[in-house]
Amino acid sequence: MSVPGGAFNASDSWASYLPQSKGRLALLLFLYTPVAVIICNAIWQWVRPRRVNEPPLVFHWLPFIGSAAWYGNDPLDFFFKCREKYGDVFTFVLFGRRVTVALGAKGNNFVLGGKSTVLNAEDAYKHFTTPVFGTDVVYDIPNEKFMEQKKFVKVGLSTDNFRRYVGMFEEEVEHFMNHDVAFDIFQHNDINEWGSFDVVKVLSEITILTASRTLQGKEVRSGLDKTFAQLYNDLDGGFTPLNFMFPNLPLESYRKRDRAQKQMSEFYIDIIKKRRAGGSDHDHDMIAALMQQRYRDGTTLKDHEIAHIMIALLMAGQHTSSATGSWTLLHVAHDPKVAEALYEEQVKFFSTPDGKLRSPTYEELKSLPLLDAVIRETLRMHPPIHSVFRKARDDVIVPPTLAAPSKDGTYVVPKGYYTLSSPVVSQMDPNIWKDPKTWDPSRWTDPTSNAVNTLERDDDGEKIDYGYGAVSKGTESPYQPFGAGKHRCIGEQFAYLQLGAIISTMVRHLEFKIDKIPDHNYHTMITMPKEPRTILYRRRNFD
């Protein structure tokens, strides 16, 4: 048989076909292997033998990644929908980690009230906090030593210092409004024209200025130039969910974090050395308080320990306070009745015969009912941290009062798992709070409301000393914006004072308005409002 173009050669045909078939096979494997892995992962979750006493596992399509996308984009939706399906106790996969969630007030108590030798905070956070704060402080040390350091910090958070801080807060806020470009309309003294500012940017700057003026000391406040600001930003770049999940990636942001930590440590150590040499004039600030403290074994804090504690105070306090201040101003701007009532509260308590408003004292600022209610309600809806982790050093039995025993018996969290409690779940629970999605400060001034009962009860007044003074245990309270148990934030009263002074000072001088409250940005370690978050303002008449 004749073939056009010449004789048919079978060997040549196969020689050309084989490379093509291998290429097709490689392409098919590339395209379909991930699909096969996903399908196998899904089937395995259905057919795998379930271990005795194992909490239910949240179904997930992607191995290793697990429920990371759902949890990371909207943890509140994730928690409530999983609770509806699985109950208050369930486990989900988060980038290879097994995380057992315990929800509600009893879940908070299980995670935060558990023994630190079993449900451990250091194991959960050390990899994340040490590169930012530094060595030999916070979670980089045994819990007993950390409790001693918290006691040292508490000495610097004295009532006498708080009394001095009120005027400093007010001065810093007024100076900022009189000089920052964000308040150019205010500076022009025009009561008819409206200006605008990015609330997160403004509150972040005001928070760090007020904290450095008070807790951090004169040298730090005077050192807040562009160099320090850049160091802070670089260090802050290491305080993200990415760093929490993957602490040692070969990225430039990680290298910047490490360089900034070293340089900022040297900045503080230089201040400490000058003070030890007697060459520095300073107030009795936090550095001075820490330099005077001794551990139980009689040793004093080393210079680098003091420096790293100061960095921890600066970083942790700045994030939480700026977030809460931002959410507070957004809600005040969105609710003109509350905004005006806040201003009238200032007029009622602090008016002078010449029509001006005098500065409040520490005791007066603490006793303003509406201001207190506004801050508390904001913290209820927008706690800075939505998830608190611990890591199980041993198998941990889940109390039957938290989760009804399964057919195999009481649930057990296996050794090596992470546990998670979420204050925002109990603070937004419709079974506890009336209209929880509504920002309503009046719930904190109504004596018949659950909010007031929550504050009065606060774990039935139970006090416990974890090594830094008696505090309310609070681990079964449905209201925990500052945590609970031995790791409850000792800066709570400072934060209330700082926020109260900032908000009241701004309300005295400005009217606010905004059309819509922004959504939550859960892609940051501290829950911030998404953009746009611009507040309109104008100067009040009394100025």
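A crossing of two helices is right-handed if the near helix is turned clockwise from the far one by less than a right angle. That is the case for helix 7 and helix 9 in this predicted model. The protein has 543 residues, and 52% of them count as buried. Its secondary structure comprises 21 helices and 14 strands.

**Overall build**
- Take the contacts between residues at least 6 apart in sequence: 71% of them join residues at least 24 apart.

**Helix 7 and helix 9**
- Helix 7 covers residues 159-179, and helix 9 covers residues 199-216.
- Their axes come within 9 Å and cross at roughly 140°.
- Helix 7 is therefore oblique to helix 9, since only angles over 145 degrees count as roughly antiparallel.
- On the helix 7 side, the contact includes Tyr-165, Met-168, Phe-169 and Phe-176.
- Glu-171, Glu-172 and Val-173 of helix 7 also take part.
- Helix 9 meets them with Val-202, Glu-205, Ile-206, Leu-209, Thr-210, Arg-213, Thr-214 and Leu-215.
- By class, this contact has 9 nonpolar, 2 polar and 4 charged residues.

**The annotated site**
- UniProt lists Cys-489 under "binding site", in an unreviewed entry.
- Cys-489 lies in the loop between strand 10 and helix 21.
- Strand 10 spans 470-472, and helix 21 spans 492-509.
- Cys-489 has 36% relative accessibility, so this residue counts as partly exposed.
- The partly exposed class runs between the buried cut-off, under 20%, and the exposed one, over 50%.

Technical notes: Residues numbered from 1 in each chain as written. Predicted model: local features only at pLDDT ≥ 70, side-chain atom pairs only at ≥ 80, totals over all residues. Heavy atoms only, no water. UniProt positions renumbered as here; feature names shortened; annotations may be inferred. Helix = DSSP H or I, 4+ residues; strand = E, 2+ residues; numbered from the N terminus. Buried < 20%, exposed > 50% of the residue type's maximum accessible area, 1.4 Å probe, protein only. Axes fitted to C-alpha atoms, helices over the stretch in contact; angles between N-to-C directions. Parallel < 35°, antiparallel > 145°, perpendicular 65-115°, else oblique. Contact = heavy atoms within 4.5 Å. Nonpolar A, V, L, I, M, F, W, Y, C, P; charged D, E, K, R; others polar.
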